[in-house]
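Please keep the structure open while reading.

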Amino acid sequence: PPRKTERDPAFHKLNPTGLLPVLVDHDTDATIAETAAILLYLTDKHGALGAGVADLAGRGDYLRRLFHLSNTLHAYLRLGFSADRISDDPVVSSGVAGWSARQNLDNIALYEELLADGRPWVLGDAVSVCDYYLAACLRWAQLYPVKTPPLAGADLNRFPAVVAMLTRLQARPAARKAAAKERITGTLFLSPTPPVSVD
């Protein structure tokens, strides 16, 4: 079921779909929904983490990766996490969860192939929002309790280039600072520590 915030009429004024996330930028009075749209907006606003890609080909690759993460990897993860909402039939929901898990492993393999060419980050030499988005998806895949885990800890070891990227990313001071603000402790992206609920 949707969380209380998502059922709140005030929230529905911000996003009629009732889905998270939603960003309200008080600097511009803009209200943005959809993860990729929010990330694109913020990177453009702050001129960082991908917004600096000036040439059209580089910009195209940035947008391709960002929207693949949002429309494919993140979407399939969400499908797996909520498979029991799709059908009351446990055989059907289990089948959906299993299909989602296989799709996610195939999609992670695409990033393994990309990073295996020696580049440190998804877009090449510079860290971008795509690296953080991929890392967040993989964190969720390891933490969320589902009947058919989309990514068990052992599965991640099949992707050494992705693991190396996550190791670099979680060591970045900016990542640690952001985690501290969210009260996230321990490892961030590799066998992550479950968050502590704060009421």
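Of the 36 residues in the largest nonpolar core, L66, L134, V162 and L166 touch the most other members. A nonpolar core here is a set of buried Ala, Val, Leu, Ile, Met, Phe, Trp, Tyr and Cys residues joined through side-chain atoms within 4.5 Å. The model is predicted: local features need pLDDT of at least 70, side-chain atom pairs count only at pLDDT 80 or more, and totals for chains, interfaces and linings use all residues. Residues are numbered from 1 along each chain as its sequence is written, and side-chain values use heavy atoms, with hydrogens and water left out.

- Helices (H or I, at least four residues) are DSSP runs, numbered from the N terminus.
- Helix α7 gives the most to the core, with 8 residues.
- L66 is in contact with A36, L39, L40, V129, C130 and Y133, leaving aside its neighbours within four places in sequence. Contact means heavy atoms within 4.5 Å.

**Helix α9 and L166**

- Helix α9 spans residues 160-170, and A161, V162, M165, L166, L169 and Q170 are buried in it. They cover an arc of only 165 degrees around the axis, which puts them on the same side of α9. The arc is that of the directions from the helix axis to the C-beta atoms.
- L166 is found in this helix, α9. L166 counts as buried because its relative accessible area is 0%, and buried means under 20%, exposed over 50%, and partly exposed in between (1.4 Å probe, protein chains only).
- Not counting residues up to four places away in sequence, L166 touches A135, L138, L156, F189 and L190.
- L166 and L190 are 24 residues apart along the chain, and their C-alpha atoms are separated by 7.1 Å.

- R65 has its place in helix α4. Is R65 buried or exposed? R65 is buried, with a relative accessible area of 14%.
- The contacts of R65, not counting residues up to four places away in sequence, are Y111, L114, V122, L123 and C130.
- G80 also belongs to helix α4, which covers residues 56-81. With a relative accessible area of 8%, G80 is buried.

**Rings and charge**

- A pair of aromatic rings is described by the distance of the centres and the angle of the planes.
- The count comes to 1 aromatic pair. Rings of Phe, Tyr and Trp (its six-membered ring) pair if their centres lie within 6.5 Å; planes under 30 degrees apart count as stacked, over 60 as edge-to-face and the rest as tilted.
- Y76 and W99 form this pair, edge-to-face, at 5.0 Å centre to centre and 80 degrees between the planes. The pair links distant parts of the chain: Y76 lies in helix α4 and W99 in helix α6 (residues 90-115), 23 residues apart.
- Y76 is partly exposed at 23% relative accessibility, and W99 is partly exposed at 35%.
- The charged end of R168 sits over the ring of W121, 5.4 Å from its centre. The rule asks for NZ of Lys or CZ of Arg within 6 Å of the ring centre and within 35 degrees of the ring normal.

**Cysteines**

- The count of disulfides is 0, a disulfide being a pair of cysteine sulfur atoms within 2.5 Å.
- C130 is buried at 0% relative accessibility. C137 is buried at 0% relative accessibility.

Notes:
Helix = DSSP H or I, 4+ residues; strand = E, 2+ residues; numbered from the N terminus.
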